[in-house]
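User: I would like to go through the labels given to this model and see what each of them rests on. Could you start with the terms and then set the values against them?

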Amino acid sequence: MTTVTTLQDYLTSMSDLISRHRQDSSMYKSIEQFMDEQGHRFTAPARPLDHYENVQAGEMGMCYSNCMDYVIENPDTELLYCEGFAMGVIPMQHAWLSTADGEVIDPTWGQDYSKDYHGVAFDRDWAIRLLCNKGSYGLIDDWENKWPLLNGKHNLEWKVEVNL
């Protein structure tokens with residue numbers, strides 16, 4: 001049995017397990033595999049939310065809307081919309097904001113809840129366009145449209161590289 005000590009361990013273990021048992025033509029067999037291959041580790045929050053202009057604590061359980069609404073309502077922001085996994089008590093799919101240097105700003109969980117974030121940053125305009133087209137929050141786990149990011153439908157036009 002594999003001991004999972006970090007979020008990266010979890011993503012790699014789950015990716016391997018699911019890939020062995022799921023046989024289809026998807027580019028990525030799971031969100032975990034997508035994150036393992038496309039994502040990277042972000043720097044844990046180092047500063048309180050009030051350090052950042054207009055970032056306020058959001059409602060628990062609403063991470064996708066908390067972060068996407070911030071990006072929409074602050075068109076001049078340099079903060080990036082991100083999705084991936086964060087380690088709470090257990091690994092959870094989550095959304096957060098990030099600086100261009102990969103520092104997490106988490107309006108849902110705040111500064112001290114998680115120190116382990118692994119995910120991807122989205123191009124602002126692309127993310128807003130997709131949100132408007134699909135009509136619901138959450139870009140990666142897009143089951144309504146049969147997971148287009150996992151199926152390679154969007155290539156990499158959505159992705160923003162952060163400077164780690």
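Analyst: Buried means under 20% relative accessible area, exposed means over 50%, and partly exposed lies in between, with a 1.4 Å probe and protein chains only. The model is predicted, so local features need pLDDT of at least 70 and side-chain atom pairs count only at pLDDT 80 or more, while totals for chains, interfaces and linings use all residues. Residues are numbered from 1 along each chain as its sequence is written, and side-chain values use heavy atoms, with hydrogens and water left out.

User: Why is Lys 115 called partly exposed?

Analyst: Lys 115 has a relative accessible area of 43%, which lies between the limits of 20% and 50% and therefore makes the residue partly exposed.

User: What makes the contact of Lys 115 and Asp 112 a salt bridge?

Analyst: A salt bridge needs a side-chain nitrogen of Lys or Arg within 4 Å of a carboxyl oxygen of Asp or Glu; the side chains of Lys 115 and Asp 112 meet at 3.7 Å, N to O, so the pair qualifies. Asp 112 itself is exposed, with a relative accessible area of 60%.

User: How do you know whether Glu 103 is buried or exposed?

Analyst: Glu 103 has a relative accessible area of 11%, which is under 20% and so counts as buried. Its side chain meets that of Arg 47 in a salt bridge of 2.6 Å, N to O, and this pair links distant parts of the chain, 56 residues apart.

Key. Helices (H or I, at least four residues) and strands (E, at least two) are DSSP runs, numbered from the N terminus.
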